[in-house]
Amino acid sequence: MNKKSVKDVEVRGKRVLVRVDFNVPLNEQGEITNDKRIKASLPTILYLVREGARVILASHLGRPKGQVNPKYSLAPVAKHLSNLLAQEVVFAKDCIGDSAMEPVSKLQDGQVLLLENVRFHGEEEKNDPSFARELAGLAELFVNDAFGTAHRAHASTEGVTHYIPAVCGLLMQKEVEFMGNALERPERPFVAIIGGAKVSDKIGVIENLLEKVDALIIGGGMANTFLKAQGYNVGKSLLEEEKVELAKQLIEKAKSKGVELELPIDVVAATAFQADAAHRTVRVSEIREEEMALDIGAATAEKFEACISTARTVIWNGPMGVFEMEAFAKGTEKVAQAVAACGGITIVGGGDSVAAVEKMKVGERMTHISTGGGASLEFLEGKILPGVAALEEA
Ligand code: ADP
Ligand code: MG
């Protein structure tokens with residue numbers, strides 16, 4: 001990556017504003033139900049602590065819509081982080097103004113402070129310059145480690161970079177390097193697996209990947225639109241009728257680029273979108289009018305596995321079926337196992353795909369699991385993420 005990282009600059013004794021992604025799920029009692037995003041930012045925080053920086057953390061949590069709302073307070077995160085770091089984390093009741101300035105001015109080298117939710121101010125998402133200047137005024141250096149929000153030009157991701165030097169954090173660097181290298185300098189064969197519910201969510205991704213991969217596997221609900229494009233009847237399956245033409249064009253494009261396009265040859269068809277629905281595995285030519293395809297079939301899984309087993313680089317985004325229901329999780333499970341076992345560089349992105357991989361306990365065996373859903377999609381589309389673009393060149 002051609003961006004400066006936190007390791008390329010002097011941080012000792014400096015006030016360093018770090019944008020992290022602490023947008024964690026909370027339950028009704030306000031307890032954190034999954035802390036993986038907090039843990040993902042520890043390498044950068046610990047590095048700064050050890051180097052003697054004065055660490056000022058900023059994040060959003062949920063969608064408070066520019067209003068102060070205790071439900072979306074980062075106070076529980078400060079407590080949790082303090083346990084993880086085994087040191088005090090000062091909590092500032094606001095991210096700007098005296099409530100922020102005062103505790104920040106008291107920070108000693110190696111101390112950590114967390115600012116209250118930046119989205120309590122409507123100016124954050126509007127990327128308001130004077131709000132960004134106030135935030136930036138807290139520090140002498142900005143570190144962006146929030147890959148999950150890098151696709152948004154907000155005051156705390158992009159705005160602040162206009163006022164103080166800005167570099168990337170260690171998580172951000174890892175995300176951008178893994179995905180960037182896979183896309184730009186993949187070890188071949190390079191196989192992409194795209195699934196999930198809708199073609200319309202991922203057209204840009206499919207188009208961009210067709211320029212780069214050796215093989216493209218398409219499963220999940222979006223495969224139905226491609227099956228329809230091939231002339232099959234998909235019954236009551238999830239289908240985007242208005243995208244059938246586009247699917248035809250993508251099939252043609254794959255052919256003309258010499259990209260091997262792998263589509264389902266059989267599916268698990270059910271009579272209802274229900275965990276206990278009657279279901280059977282059928283060839284794609286035999287889906288009945290009253291049936292819906294909710295998973296790839298065993299023959300398809302085998303075909304996909306064979307393709308994946310040859311790969312030296314795999315990028316996977318989108319489950320192969322309705323994996324949330326046991327009866328329709330096998331396709332995703334088999335693909336997950338095949339990716340984990342292929343021996344190449346393996347990258348998984350997308351909120352539901354990551355959840356599936358974790359549920360199936362193969363996360364540890366992947367080279368990289370992206371922490372950013374929307375951001376990873378935009379990255380795979382070949383878009384420049386504004387939060388990354390704004391950082392200093394190395
Ligand atoms: P990601 O979050 O990994 O990018 P998506 O959000 O695009 O993935 O898609 C995930 C959703 O797609 C899951 O909730 C899954 O149940 C659904 N899905 C997968 N296959 C099908 C299918 N055949 N029919 C309907 N929904 C499906
Ligand atoms: Mg999703």
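This is a predicted model: local features need pLDDT of at least 70, side-chain atom pairs count only at pLDDT 80 or more; totals for chains, interfaces and linings use all residues.

Student: How many bridges join S7 to S8?

Tutor: Strand S7 (residues 190-194) and strand S8 (residues 215-218) run parallel and are joined by four bridges. Within this pair, Val 191 stands opposite Ala 215 of S8.

Student: In what order do the strands of the open sheet that contains S1 stand?

Tutor: The order is S3-S4-S2-S1-S5-S6, six strands in an open sheet with parallel pairing. Strands S3 (89-92) and S6 (166-168) each have a single partner strand, so one side of each lacks a neighbour in the sheet. On average, neighbouring strands of this sheet are turned by 25° against each other, direction ignored.

Student: Is strand S1 largely enclosed or left open?

Tutor: Burial is judged by relative accessible area, with under 20% counted as buried. Four of the five residues of S1 (residues 15-19) are buried, so this strand is largely enclosed by the rest of the structure. S1 pairs in the parallel sense with S2 (residues 54-58) over five bridges, where Leu 17 has Ile 56 as its bridge partner. Four bridges also join S1 to the parallel strand S5 (residues 141-144), and Val 18 stands opposite Val 143 there.

Student: How does one find the pockets, and what lines the largest pocket?

Tutor: Rolling a probe the size of a water molecule over the atoms shows where empty space is left. Here the largest pocket holds about 530 Å³ of space. Its lining comprises 36 residues, and Gly 196, Ala 197, Lys 198, Gly 221 and Pro 319 lie nearest the centre. Strand S12 (292-296) gives the most to this lining, with five residues. By class, the lining has 15 nonpolar, 14 polar and seven charged residues.

Student: Which residues lie closest to the centre of the second largest pocket?

Tutor: They are Lys 36, Glu 358, Gly 363, Glu 364 and Ile 369, out of 15 lining residues. This pocket contains about 380 Å³ of space. Helix H7 (170-184) supplies the largest share of the lining, three residues. The classes are five nonpolar, four polar and six charged residues.

Conventions. Residues are numbered from 1 along each chain as its sequence is written. Chains are lettered from A and ligands numbered from 1 in the order in which they are written. Side-chain values use heavy atoms; hydrogens and water are left out. Two strands pair if DSSP finds at least two bridges between them. Helices (H or I, at least four residues) and strands (E, at least two) are DSSP runs, numbered from the N terminus. Axes are lines fitted to C-alpha atoms, for helices over the stretch in contact, and angles run from 0 to 180 degrees between N-to-C directions. Buried means under 20% relative accessible area, exposed over 50%, partly exposed in between (1.4 Å probe, protein chains only). On a 1 Å grid over the protein atoms alone, a cavity is a set of points where a 1.4 Å probe fits but cannot get out, and a pocket is an open set with protein on both sides within 12 Å along at least five of seven lines; lining residues have an atom within 4 Å of a point. Grid points are joined across faces, edges and corners, and a volume is the space filled by probe spheres set on the points. Ala, Val, Leu, Ile, Met, Phe, Trp, Tyr, Cys and Pro count as nonpolar, Asp, Glu, Lys and Arg as charged, and the others, Gly among them, as polar.
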